[in-house]
Structures are given as C-alpha cells and as structure tokens.
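I opened the model to look up a few local features. My notes follow, entry by entry.

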Amino acid sequence: MRPDPDTVRGWLGKVPDPEIPAISVVDLGIVRGVGWEDETLVVDVTPTYAGCPATLVIALDIETALRDRGIDKVEVRRRMSPPWSTDWISPEGRRKLLDYGIAPPQLNAANCVGMLSAQSAACPLCGSKNTEAIAARGSTPCKAQFRCRDCREPFGYFKAI
Amino acid sequence: MDPLVTFCLRMGDTTLILGQQTAAWCGHAPVLEEDIAFANMGLDLIGQTQLWYEIAAQAEGQGRTPDDLAFFRTERQFLNAQLVERPNVDFAHALMRQYLFDAWHLPIQEALCESGHQAIRELAQKSVKEVRYHIDRSRDLIVRLGDGSEESHAMMQGALDALWPYAADLMAIDAVEQALVGIGMLPPLDRVACAFEAETAVTLDRATLAIPGNGHARTGGRTGIHTETMGYILAEMQQIPRSFPDARW
C-alpha cells in the first residue's frame, strides 16, 4: 500500500503539536514535504526553535501515526532551510490557536527590530486590542504573557519569530 | 585540526557552556519570569550547540556524535570563550555575562547568515531570530538594573568590572578564522567587533555603567586555555555520561 502524499498530509493533519495540542503539526507549518523513496515514506520536518524540546516528540508522533496507518517504513528528516517562521502557521492553525485562548502571532513581524515591543496582540477572550505585555516568556518559550486592559484577563501570545 | 572543525567547536563549545551555566538558574532566579527566561535561553543555546556539533562531526568524519563531543572531551579540548565559563556568582554576574555574550552573538550570527558554507548559513538563519529575543531581554534588564537603585547599580557595575576583560576572548581571531575567510567559508569578521563596540557603548551608557578603562583583556579560551571554573563545570556536566557511558533513556 502506497497512499499518495495528499492522503498522508491529511493523516498528519490529525497529529497534534505536543505542547499546543489544539493545533496539528500541519497547521503549525512544519511539515515541509511528504514523498516516497522506494518503499520508504519520507516526511521532511523543520524545527520551530533550534532547541525546542518537542522536536523529538514530534518526529516520534509522526512515525507512530503513520505506522498506525499501516506504513512500515517511515523516515522523518529534518530540513533547516528556509528557517521556519510563525508566518507559516496556516489560517486554520491561527483560528484554532485563538479558539484555544492563545493570541496568534502577528504576521510579518518575525526578525524585526524591537522584537516583542514592536508586536501587539488582541485579547483572545474579548477581542480588545487594548492589551499589554507582562512577560516576554510564558508557559512555553514560544509564548509571551499578555494582559487585557479591558477584560483584565491574562493570556498567552504566540510570539512572532 | 581542520579549521572548519575548530571554528564549529569554538562556536558550539561557547553556546554549550553558556547553556549549561544558564540552565543552572532553573529554580534559583529572583523572579519566576527570569527563571523561565534563563532556562529557555539555555534550551535555545543547547539546541544551537547540537547544530554546531553536527557540522563539526561531519567535517571531522570520525563518526563522533554531538553527545561524544559534549561529554567525552577534556578541558583543554574545549574551545569556548572564557567569558561563558565565568561563575554564576549572582544574578548581576549572570545577566552581565549574558548581555556581553549576546552583544557578540547577534552580530556574528548576522554575519554568518552570509557564510559560504551551506550548513553554517542555515544554522545562522535559524539561530539569529532566537538571538534577537535574547539580546532584547538582556539589554532591557541591563539598563533597568544599571540605572536602577543604588544597590542594583553597584552590583551591575561590579559584574561589568569583573567580566569586561573576558569579552575580548569572544572576538579573538586567529589563523583558523582567517583561513576560513580566505576560502570564502566565513564572511570578514571585523564588523562583529565593531558592532559589539557600538552596541555596548550605547547600552552601557544608557545603563549609567562605566566601561573599565584599563584595557586589560583575557584571552585563550578559543585555543583551549581556561580559567579555574572550567573543570568544575565539566565535572558536573559530564559526570553522568562518563559514569554510565552507554546509558540510554
């Protein structure tokens, strides 16, 4: 059985990110390629952060998910270039983040001068843009901690990188 | 040794030792946010180390893994800049060490984005985005604490006086870098020192801190000469893999 790459992508769309299970590895934009090399299914994955502890878990989750679908030979390869950016999170992924209570990263803000101070986030709970950053790092390295000045609730913001 | 291997070890050893030192703040930083920040930056640095060691191991071609390079080399075989092995002492020292490192790390990563070596270029394009967040934090804290209370100012000035002489080791360039620049694998690195000077002059002035004026400089880490703290760091970092060399999770 050699399912076509689009079918495989569909399956990977159900593999959750281990740290933010609301979105899948496909939503996150880290699956770079799916294809067959002889009898082996090769999945190219790009890391989010160089030292992201979830990277190994993601590779294992992808392998496990594909084995569960009956594919015996799976190889997850790391592809570094071009480097992943939060702009690669799909519109669907951004919507799921918001539903989960995490403000999605500002677009076109990665690698900018001023970093976090140049980024703004709307409150995922009430939608207000009247928010402030309270800590550059939150429950995971990729998120900053924000507070809404209107509804007063704290929330996580997925930093642009 | 192949200059490419030496250069990658100089970079990777520097990020590894700082990552190890930074990780030691987990559970000990003065506030929770800084605890998380130090631990997470340690993760970034150790992730970058992995990439440097992969390039070094491949160029070396002796089948060593990144773990072999981290855990089974001795002090004189480590080529990190001396700055990063300076002890944690207190939050002021850790922060100043981080800031001086970041002020060098950002411009060198920016320069390496134009490296003629594909894997180094890809590593830099990935890392530089993380490094921008690192210096964003350390610069902000240097200014806030330097230009803070009398006590925080005195602590930051003390840390700067102690650590400034070691900054020169980050920028020490010898025949290794010159050889790599010569064959186009590295871009000219003079601009890194210029960028470091410009960054520190502006930020330390904003922080009301005075750069020590005696011109004293400590170098040698990049050729394997280390200070007395290095052995203790390696002993702690390497103890488990050396005691149980074939252990697996």
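I started at the hairpin that strand 6 and strand 7 of chain A form, with five residues between them. In its turn, A:Arg152 has a positive phi of about 70°. Helices (H or I, at least four residues) and strands (E, at least two) are DSSP runs, numbered from the N terminus.

I noted the ground rules: this is a predicted model, local features need pLDDT of at least 70, side-chain atom pairs count only at pLDDT 80 or more, and totals for chains, interfaces and linings use all residues. Residues are numbered from 1 along each chain as its sequence is written, chains are lettered from A and ligands numbered from 1 in the order written, and side-chain values use heavy atoms, without hydrogens and water.

I checked the pairing next (two strands pair if DSSP finds at least two bridges between them). Strand 6 (residues 143-148) of chain A runs antiparallel to strand 7 of chain A, with five bridges. A:Phe146 stands opposite A:Phe155 there. Strand 4 (residues 102-103) of chain A runs parallel to strand 7 of chain A, with two bridges. A:Ala103 has A:Tyr157 as its bridge partner.

How many residues of strand 7 (residues 154-158) of chain A are buried? I found four of its five. Buried means under 20% relative accessible area, exposed over 50%, partly exposed in between (1.4 Å probe, protein chains only).

I then moved to B:Ile173, in the loop between helix 6 (150-171) and helix 7 (175-182) of chain B. B:Ile173 is partly exposed because its relative accessible area is 41%. Leaving aside neighbours within four places in sequence, B:Ile173 is in contact (heavy atoms within 4.5 Å) with B:Gln178 and B:Leu189.
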